[in-house]
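Subject: A structure to look through

Dear colleague,

I am handing over a structure for you to look through, and below it I set out what was found. Please keep the structure open while you read.

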Amino acid sequence: MIDYQSDLLRTLAARGYIHQMTDAAALDALATRLVVPAYIGFDATAPSLHVGSMVQIMMLRRLQQSGHKPIVVMGGGTTKVGDPSGKDESRKLLTTADIQANIASIRRVFERFLTFGEGPTDAVIVDNADWLDRLEYVPFLRDVGRHFTINRMLSFDSVRLRLDREQPLTFLEFNYMILQAYDFLELSRRVGCRLQMGGSDQWGNIVNGIELTRRIDGTELYGLTTPLITTADGAKMGKTAAGAVWLNGDQLSAYDYWQFWRNTDDRDVGRFLRLFTDLPLADIARLEALQGVEINAAKKALADAATALCRGEQAAADAGETARQTFEQGGAGASLPAHAADVDAIGIVDALTLLGLAASKGEGRRKIAEGAVRVDDSVVADDHIIALVRGAPVKVSLGKKRHALLWRS
């Protein structure tokens, strides 16, 4: 490992966040002398971010813990365009009202991970619609567009991969990299931002912003990207058979969030403890060294710590206790995901989809046929009717690890 001098880069390197940097030595020297304002951008395509954004959120947390200033950039402007990076097709275009509603919902999560205020290392949230919505097309093309060549833009992965697959790339999306580069220029001017961080797929966009700012203002900026986070079996982080693992509590229960981390592959436990918790590295080394069934203690520590950060200490404790009651005692803990239905009876297939245990009725029927569905811990063989009574919840289970409660409202 490189012997960095700054607390920032030492911390990021030790915990596994660093993939590429534009000028590691200069950034390291800057971070030892000054408070470095740094930003990560988040487009507002849904009311909540999901676990796939957790590396970026934790990077901002590490930045602040190291004595520097996090800048959360909400993409009120860029969401109207859509980042083509890693996408095979265009995003659905959202209205301005939808985007603003998503931003209001998303920003609540950041308050759990960062300290906001007016101090030199306090975090701030800005919306790039504040400057992008005010751009005039012809002046923007003349002043900014002339610094970008089509030849180079076509070489970036976000463009080349889409074209290689013969998938259409709209002119709207083609402009995304220019707008993101302009964000870095504006943030440098407005709040003295010196560093942009992001996933490895953002490297080209980050370099564009650095070069644009140097050409127009002569300011030296820096970029840092994280490795693509995949699970040990090669799956993309945050994607599960049941869908996205949302960060907002109104999108996913604390119990399901806790269970996501508890179900981590043995091979990922140490890496995820370093990336997604504040546990000391010495404690993590001890936990990841556990073998056999003892590794479950490390998984519970991961689930407790990650859930406490995102949902609070009490939610994490309740989820852990619910899991203990459900799995160790065969009961139905109070924090299980629950739904009150305005009916006296419901078919098991309908119950599975209502509770989010199956993505479709077809999947529900397949799971019943496989013997994977239980009602009150009894395996069901067909799609029969469940009677619902007020005050008497029914536990519906899919497999050994997914459970939910259903009762009459």
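Before the first finding, one term is needed: helices are DSSP runs of at least four residues, and they are numbered from the N terminus. Please also bear in mind that this is a predicted model.

With that in hand, we can turn to the surface, where Tyr137, Val138, Leu141 and Phe171 form a nonpolar patch that has about 440 Å² of accessible area together. Helix H6 gives the most to this patch, with 3 residues, and Val138 is found in that helix, which covers residues 137-143. Val138 counts as exposed because its relative accessibility is 58%, and exposed means over 50%. Phe171, which lies in helix H9 (residues 171-174), is likewise exposed, with a relative accessible area of 55%.

The next topic is the sheet, which is open and has 6 strands in the order S1-S6-S5-S2-S3-S4, with mixed pairing. Its edge strands are S1 (20-21) and S4 (124-127), each of which pairs on one side only. Strand S1 pairs with strand S6 (residues 222-226) in the antiparallel sense over 2 bridges, and Met21 stands opposite Leu224 in S6. Helix H3 (residues 54-65) lies across S2, S3, S5 and S6 and runs at about 165° to S2, while helix H10 (residues 176-191) lies across S2, S3, S4, S5 and S6, at about 145° to S2.

Which parts of the chain do salt bridges link? The structure holds 16 salt bridges, and one of them joins Lys80 to Asp133, with the closest N and O atoms 2.8 Å apart. This pair links distant parts of the chain, since Lys80 sits in the loop between S3 and helix H4 (96-113) and Asp133 in the loop between helix H5 (129-132) and H6, 53 residues apart.

Another salt bridge is formed by Asp266 and Lys299, whose closest N and O atoms are 2.6 Å apart. Here too distant parts of the chain are linked, with Asp266 in the loop between helix H12 (254-262) and helix H13 (269-276), and Lys299 in helix H15 (residues 295-311). Asp266 counts as partly exposed at 44% relative accessibility, whereas Lys299, at 10%, counts as buried, because buried means under 20%. Finally, Arg61, Arg62 and Asp278 are linked in a network of salt bridges.

With best wishes

Conventions. Residues are numbered from 1 along each chain as its sequence is written. This is a predicted model: local features need pLDDT of at least 70, side-chain atom pairs count only at pLDDT 80 or more; totals for chains, interfaces and linings use all residues. Side-chain values use heavy atoms; hydrogens and water are left out. Buried means under 20% relative accessible area, exposed over 50%, partly exposed in between (1.4 Å probe, protein chains only). Two strands pair if DSSP finds at least two bridges between them. Contact means heavy atoms within 4.5 Å. Axes are lines fitted to C-alpha atoms, for helices over the stretch in contact, and angles run from 0 to 180 degrees between N-to-C directions. Patches are made of residues with over 30% relative accessible area and no salt bridge: like charges are joined within 9 Å, nonpolar side chains (Val, Leu, Ile, Met, Phe, Trp, Tyr) within 5 Å. Accessible areas come from the Shrake-Rupley method with a 1.4 Å probe; for residues, only the protein chains shown count as cover. A salt bridge is a side-chain nitrogen of Lys or Arg within 4 Å of a carboxyl oxygen of Asp or Glu.
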